[in-house]
Amino acid sequence: MDVLNALVLFANFVVVPATAYGAQLALGALGITLIFGILRFANFAHGELMSFGTMATILLTWFLQAQGAGIAPLPTALLALPLGIVAAIAAALATDRAVYRFYRHKRANPIIFAIVSVGVMFVMAGLIRIIIGPDDQSFADGARFLIRAQEFRQVTGLKEGLAIKQSQLITVSIAVIVVLLLFWFLQKTRSGKAMRAYSDNEDLALLSGIDPDRVVTIAWIITATLATIAGVLYGLDKTYKPFIFLQLLLPIFAAAILGGIGQPVGAILGGFVVAFSEVMVTYAYKKFFSYLGPEGWAPDGLVQLLSTDYKFAVSFIILVAVLLIRPTGIIRGRVL
Amino acid sequence: MKRRGVFYFSVMAALLLAVGLGQSWNVALGIINLCLISAIMALGVNMQWGYAGLFNVGIMGFTALGGLTAVLVSMPPVTEAWSAGGRGIALAFLSLVATVVAIIIARRLVPPLFKIWITIVIVILGFLLIRVFYEPAVEQIEAINPAHTGYLGGFNLPIVLSWFLGGVVAAGAAWLIGKISLGLRADYLAIATLGISEIIIAVLKYEEWLSRGVKNVTGLPRPVPYEVDLMAADWFINLTAWFHADVTDAASIFVKLCYAGLFLIMLAAIMWLAERALRSPWGRMMRAIRDNRDAANAMGKDVTWRHLQVFVLGCAVCGIAGAMLTTLDGQLTPSSYIPLRYTFLIWVMVIIGGSGNNWGAVLGGFIIWFLWIEAEPLGNWLMRMITLFMEDGFWLKDHLIAGAAYTRLVLMGAILLVVMRFAPKGLIPEK
């Protein structure tokens, strides 16, 4: 019985939140890795792109909520999501035309691209703060919990409860659908194959008549879609704060590099590894061990490896470990 | 070429003069002091980017390390805290050293296959050992008079010393991070530095025994006189009478002038060294590596080692600037370190000024800091113009005016993009 309690506790505080967080990171890292693979640079504006799409979705959600439209028990934000994605795609394509295309045609150094993306980040960050303001915004509605801790306790008779938020289930299911669609697109369709070919060997792809502008456009469309979905899911699960997206950049980059640059499967794997390590390392295991130990015994300290303040350190340590041990990532990607 | 630089610097001087005459000399000197510090930071980044083509996105972290050094050097030690937890902290530090030494020795002894595993095992053991000493010590230190101290304090030395030590500390951190990520290609350095800077800020925020965390350390000793003392001094009152100036204003201006003098000396010294380095064989070699890495490598230059050198030097300069900044503020506020202001703004300075040219970096520091400050009234004015036709009390009008402060972010991004596109060599190009 105590083992069961310990497992439920672990699931409630580690497995469930980390799975949802991992799915959000994976979607973000997929965007980074696609831009790495196709445009070949580290996109520092990716966080702001996520933020931008989320902001558009939030504005539309508020509008819908004011109109009384909704799809309860699901959050209204899901209804607004498609248009938010369109807004993010528009923003991504506009920046590509206005900014990145020039350097692409010049075949500029990837570092120049990265610096330019810092400029894009500034502009987007400013616009977002002007439009929606720098503060916390809540936009989640609909049912909050799928399984409540108390109900779980009553049904199973265990001491520990397992709570699953609706946003967590939505996150995971949407992530699964999106990833499946993405892989179908990359593996089966003509455009997807063109993208893979272009990512693999640009010159050969050009030689076989693949239109580079088309590939790049598709890459931006997919990236903006994934970024918006990731941002909205993160916002539903936690909260929307404009400045959080610059901080999310680090775990997302860590996930992309850990998985192998330019490798979609790797990005997903990386997202979950980063999320699980972050949550597991910062979780206090005191109660968990007291269930496993003899009756009435509890460990002295919190049995927490690292305080939650340092969760960003976890992605950094992962990053450093990858750079030292296997710079190509889990699935061999490019060494950029 | 030279005339161009002189022209831009004269324009800049005229702008600052205009602020002095139009707004007040206090404001103008406030801007100048931060311009001088920004110029030093820009010089540091220019060494990395302009000399060697390294993309460092962790400037904030190295600046913050300089700031921390200023506190540790200048504040009086908290003796009770030292006697309560000093031993524990020292033992924890020794354990850290022992762990590192053990890893190095173990990695030499075991066959390559087990290297990773032995490292992981020693890291975990060392981590547990450190925590045994560390946690009780931290608790004891933070328990002592938490409202006023609750940290170890510093060494009660003159704060100007921290300007040099700040550079040394930042250089140490840079060496560590450079050792790991240099040698791979440039994007990795960028991401690794982004990470280390976030961690440094996290340490400053949450390690209260070291930096008081978000409770901030205030009242750092100054290298220049205090306004209150000046206002009471006879010679100063006579001096202000000579100028027919208000004593309070004059005292504030005098203090700022003293700072400006000190900062100017630092800037001149670093500038002189940077120019000497750039013109030496070492500088030519760095540029050769930047322009054609493979060719330089073929000539027998150790590219990674040279990159590490210049990376450490640049970060040291940023650390110096960070210590100076904390000195000027008189306090360390870890929560004020945000990457847009402390990392990416410095990048805009270097790019606009002219990467590879030290004078350009200094000019960029001045222009961008000036704009960063003056963008606020500018943004307000712009928003008022946009909303002129709207009625008072209309929600969009209030909203836009409330967001006016953020036009500076848009402005900075736009400047960076325009310069990168149309004048990638910056205002004063490299020769």
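1. In this predicted model, chain A and chain B bury about 4400 Å² between them, and carbon and sulfur atoms give 80% of that area. On the side of chain A that touches chain B, the elements giving two or more residues are α3 (77-106), α4 (110-132), α10 (244-259) and α13 (311-325) of chain A. The largest share of this side comes from α4(A), which supplies 19 residues. Sorted by class, the side of chain A that touches chain B has 43 nonpolar, 4 polar and 3 charged residues.

2. In terms of contacts, 50 residues of chain A meet 48 residues of chain B. How many salt bridges does the rule find across the interface of chain A and chain B? The rule finds 0 salt bridges there, whereas 9 residue pairs, both members at pLDDT 80 or more, are in polar contact across the interface of chain A and chain B.

3. Within chain B, the division is into domain 1 (2-77 + 153-422) and domain 2 (78-152), and the centres of domain 1 and domain 2 of chain B, taken over C-alpha atoms, are separated by 33 Å. Domain 1 of chain B brings 13 residues to the contact and domain 2 of chain B brings 15 residues.

4. The area buried between domain 1 and domain 2 of chain B is about 1100 Å², with 52% of it on carbon and sulfur atoms. Of the area that domain 1 of chain B buries against domain 2 of chain B, G153(B), W209(B) and R212(B) supply 57%, more than any other three residues. Across this interface of domain 1 and domain 2 of chain B the rule finds 0 salt bridges, but 11 residue pairs are in polar contact, with both residues at pLDDT 80 or more. Helix α8 (residues 208-211) of chain B gives the most to the side of domain 1 that touches domain 2, namely 3 residues, and the residues of that side of domain 1 of chain B divide into 7 nonpolar, 2 polar and 4 charged.

5. Over all chains, the structure holds 16 salt bridges. One of the pairs in chain A joins the side chains of D96(A) and R97(A), at 3.1 Å from N to O. Is D96(A) buried or exposed? D96(A) counts as buried because its relative accessibility is 1%, whereas R97(A), with a relative accessible area of 38%, is partly exposed.

6. A further salt bridge in chain A brings together the side chains of E202(A) and R107(A), at 3.4 Å from N to O. This pair links distant parts of the chain, 95 residues apart, with E202(A) in helix α8 (residues 202-207) of chain A and R107(A) in the loop between α3 and α4 of chain A. R107(A) is exposed, with a relative accessible area of 53%. A network of salt bridges links R40(A), R107(A), E202(A) and D203(A).

7. In chain B, E227(B) forms a salt bridge with R222(B), and their closest N and O atoms are 3.1 Å apart. E227(B) is partly exposed, with a relative accessible area of 24%, and R222(B) is partly exposed, with a relative accessible area of 28%.

8. Finally, F9(B) lies in helix α1 (residues 2-22) of chain B and counts as partly exposed, because its relative accessibility is 25%. Leaving aside residues up to four places away in sequence, F9(B) touches W359(B), V362(B), L363(B) and I428(B). F9(B) and V362(B) stand 353 residues apart in sequence, with a distance of 9.6 Å in space from C-alpha to C-alpha.

Key: Residues numbered from 1 in each chain as written. Chains lettered and ligands numbered in written order. Predicted model: local features only at pLDDT ≥ 70, side-chain atom pairs only at ≥ 80, totals over all residues. Heavy atoms only, no water. Contact = heavy atoms within 4.5 Å. Buried area = accessible area lost by both parts, 1.4 Å probe. Salt bridge = Lys/Arg side-chain N within 4 Å of Asp/Glu carboxyl O. Polar contact = N/O pair within 3.5 Å; in protein donor to acceptor, adjacent residues only side chain to side chain. Helix = DSSP H or I, 4+ residues; strand = E, 2+ residues; numbered from the N terminus. Nonpolar A, V, L, I, M, F, W, Y, C, P; charged D, E, K, R; others polar. Buried < 20%, exposed > 50% of the residue type's maximum accessible area, 1.4 Å probe, protein only. Domains from an automatic or database assignment.
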